[in-house]
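Walk me through this structure, with the cut-offs behind each term. The account below goes through rings, cores, a helix and a hairpin.

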Amino acid sequence: MNRIAYLGTWRGMGETPGYYFREISGSFSRQLVNVLTSLNDDYFRLLLGSMECIYFRYYTFMGYAIPRILEGEKPWGFSVIFVEFATTPTDIINALDAAPELKKRFIRRLPRPSDF
């Protein structure tokens, strides 16, 4: 199975609000986590421009990102999914379908097969 990760806001039980990296499927080395979490709001703002979502390649991962505003906590936060070896929006959709809790983070703008 391809590795899947999430970067963005995620409130779990006992966690403080903030930006978190979550391993959804597979395991990630500390070094890879550091690389993926080095992508920050400025990076996504630059890529996003005036679009409502972006797809991007980063190492062996396809990423999908949308801007996210949660209760005014972070006016320019982003929800990002990384799917290893994905090549199309359908791969991202399948990863989200397999993880319903993760899918909730993208409900404002789910990926569409017609995006490419």
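Over the ring of which residue does the charged end of R3 sit? The charged end of R3 sits over the ring of F28, 5.1 Å from its centre. A charge counts as sitting over a ring if NZ of Lys or CZ of Arg is within 6 Å of the ring centre and within 35 degrees of the ring normal. R22 is placed over the face of Y20 in this way, 5.8 Å from the ring centre.

This is a predicted model, in which local features need pLDDT of at least 70 and side-chain atom pairs count only at pLDDT 80 or more, while totals for chains, interfaces and linings use all residues. Residues are numbered from 1 along each chain as its sequence is written, and side-chain values use heavy atoms, with hydrogens and water left out.

F28 also belongs to an aromatic cluster, together with F21, F56, F61 and F82. Rings of Phe, Tyr and Trp (its six-membered ring) pair if their centres lie within 6.5 Å; planes under 30 degrees apart are stacked, over 60 edge-to-face, and the rest tilted. Eight aromatic pairs are found in the whole structure. In one of them, Y6 and F106, the ring centres are 6.0 Å apart and the planes stand at 90°, so the pair is edge-to-face. Y6 lies in strand β1 (residues 4–9) and F106 in the segment after α4 (100–103), so that the pair links parts of the chain 100 residues apart. Helices (H or I, at least four residues) and strands (E, at least two) are DSSP runs, numbered from the N terminus.

Y6 is buried at 0% relative accessibility, and F106 is buried with a relative accessible area of 0%. Buried means under 20% relative accessible area, exposed over 50%, and partly exposed in between (1.4 Å probe, protein chains only). F106 also forms a tilted pair with Y64, at 5.8 Å centre to centre and 45° between the planes. Because Y64 lies in strand β4 and F106 in the segment after α4, this pair ties together parts that are 42 residues apart in sequence.

Next come the nonpolar cores, each a set of buried Ala, Val, Leu, Ile, Met, Phe, Trp, Tyr and Cys residues joined through side-chain atoms within 4.5 Å. The largest has 18 residues, and those with the most contacts inside it are F21, F28, L36, F44, F56, V80 and F82. At least two residues of this core come from each of β1, α1 (30–37), α2, β3, β4 and β5. Apart from it lies another core, of 17 residues, among them Y6, W10, M62 and V83.

Helix α2 (residues 41–48) has D41, F44 and L48 buried. These buried residues fall within an arc of 70° seen down the axis, so they line one face of the helix; the arc is that of the directions from the helix axis to the C-beta atoms. D42 and L46 are exposed on the other side of α2. The buried residues of α2 pack against β2 (19–25), β3, β4 and β5 (77–84).

Strand β3 (residues 54–58) is largely enclosed by the rest of the structure, because four of its five residues are buried. It runs antiparallel to strand β4 (residues 61–68), to which five bridges join it; two strands pair if DSSP finds at least two bridges between them. R57 stands opposite M62 in β4. The hairpin of β3 and β4 has two residues between the strands, and Y59 takes a positive phi near 55° there.

Methods
Contact = heavy atoms within 4.5 Å.
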